[in-house]
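Please keep the sequence and the structure in view while reading.

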Amino acid sequence: MLGRGPFATESDNRGPFLAPEEVVVVGGGVIGLAVAWRCAQRGVRVRLHDPAPGSGASHVAAGMLSPVVEAHFGEDELTGLLADSARRWPAFAAELTGATGVDLGYRTDGTLVVGLTGDDLAEARRLWSYQEGLGLPITPLRPSELRRREPALSLRVRGGAFAATDHQIDPRRLVAALRTAAERAGVEIVDSGVTALSRRPGRVTVVAAGTGATALTGLPVRPVKGQILRLRAPDGAPPGFRHVIRGYADGEPVYLVPRADGEVVVGATVEERSDTAVSAGAVLRLLRAAVDLVPELAEYDLVETVAGLRPGTPDNAPVLGPLPGRPDVVAATGHHRHGIVLTPVTADLIADLVTTGVADPLLAPFRADRFTVPVGSMAPASSSVPAELLRGLSC
């Protein structure tokens with residue numbers, strides 16, 4: 001049971017669940033826009049507040065949909081959520097394109113994970129051995145097999161693996177499409193911020209404000225700075241490689257995301273800082289690592305350097321669900337580096353919660369009260385990813 005107010009249930013003495021008359025979404029990145037769109041599709045009046053929709057972390061993101069490669073030690077519940085959301089992406093992309101006519105740049109070529117040196121390869125192997133142990137589809141490849149898939153890779157690359165189900169989307173196109181879809185569904189977008197959360201009967205507020213959620217809710221969402229580069233292939237040609245490439249080059253982690261229009265996104269730093277300045281050192285490290293892995297990038301144009309702030313949490317997982325003591329306020333924030341891949345599942349789960357009052361079991365590990373409840377009062381974390389959440393991720 002979620003309590004009284006907007007989330008009344010049949011067990012309440014007030015009678016059956018009462019759907020909210022209005023949903024206010026705070027935050028106009030991909031999460032806020034997608035939640036607003038889904039709520040409006042369910043027949044609720046929706047108003048979204050953001051002084052500059054789509055200008056935050058969504059604008060800087062690379063757009064990798066990586067449930068396999070982003071599976072990290074000790075994050076089993078999060079890995080399950082990533083896998084579930086990745087499974088939803090093909091239908092979500094098709095529906096969004098059908099509703100707007102916007103080409104999202106959705107590509108399914110897969111991701112190569114590579115190591116330049118022996119030490120780099122050992123680090124990569126440590127992680128993908130863990131991913132294999134979870135039952136995630138990742139296939140180790142010899143250097144010759146890597147270069148058959150991607151001839152642009154440096155001859156120095158010592159080995160790697162292929163994650164066929166790790167795809168990509170263009171986040172800037174995604175933002176544009178979601179805004180169009182939301183407005184067509186009846187969402188009112190207000191170009192102003194929100195400084196406090198008010199109580200009003202019949203209203204539910206969804207806080208999808210990224211790093212701004214802390215001031216509004218008190219949740220432990222911190223800024224994690226990421227610097228990123230955008231290159232462009234010469235003469236308007238497409239990039240000389242088609243897979244997303246994630247790798248290690250002399251200890252420097254880097255990813256390369258090729259777009260059909262010739263753009264290549266290179267990223268990204270992970271810094272516990274709250275500024276958005278671009279540093280020469282970060283640009284140098286990223287470019288050196290990128291060129292070490294794909295030498296032809298030295299001839300590409302450097303067209304953009306930018307930094308953004310990811311909304312991080314103490315356990316790197318999002319916060320999804322009502323605030324303790326405030327069932328009329330629902331958090332949808334803290335997605336850290338996973339905001340793009342988690343967009344479909346977040347939008348579906350939060351819209352269902354808001355409009356039906358029923359919390360999907362998938363939300364349980366990501367409750368807003370997990371940072372404040374006493375140790376031992378919550379169910380213990382599982383030691384493996386539930387098999388049903390991996391369905392659809394087989395090669």
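## A cis peptide bond in a loop

In this predicted model, A268 has its place in the loop that runs between β13 (263-267) and α8 (280-293). The peptide bond that joins G267 and A268 is cis, with an omega of about -15°. Most peptide bonds are trans, and most residues other than glycine have a negative phi.

## Two residues with positive phi

D250 is a residue other than glycine with a positive phi, near 50°, and its place is in the loop between β11 (244-249) and β12 (252-258). With a relative accessibility of 54%, D250 counts as exposed, because the cut-off for that word is over 50%.

H336 also has a positive phi, near 55°, and is likewise not a glycine; this residue lies in the loop between β16 (326-333) and α9 (343-356). Is H336 buried or exposed? The relative accessible area of H336 is 11%, which means that this residue is buried, since buried residues are those under 20%.

## The chain as a whole

The protein chain contains 10 helices and 16 strands, and of its 395 residues, 55% are buried. When contacts between residues at least 6 apart in sequence are considered, 76% of them join residues that are at least 24 apart.

The accessible surface of the protein chain comes to about 15,900 Å², and carbon and sulfur atoms account for 53% of that surface.

Key
Residues are numbered from 1 along each chain as its sequence is written. This is a predicted model: local features need pLDDT of at least 70, side-chain atom pairs count only at pLDDT 80 or more; totals for chains, interfaces and linings use all residues. Side-chain values use heavy atoms; hydrogens and water are left out. Helices (H or I, at least four residues) and strands (E, at least two) are DSSP runs, numbered from the N terminus. Buried means under 20% relative accessible area, exposed over 50%, partly exposed in between (1.4 Å probe, protein chains only). Contact means heavy atoms within 4.5 Å. Accessible areas come from the Shrake-Rupley method with a 1.4 Å probe; for residues, only the protein chains shown count as cover.
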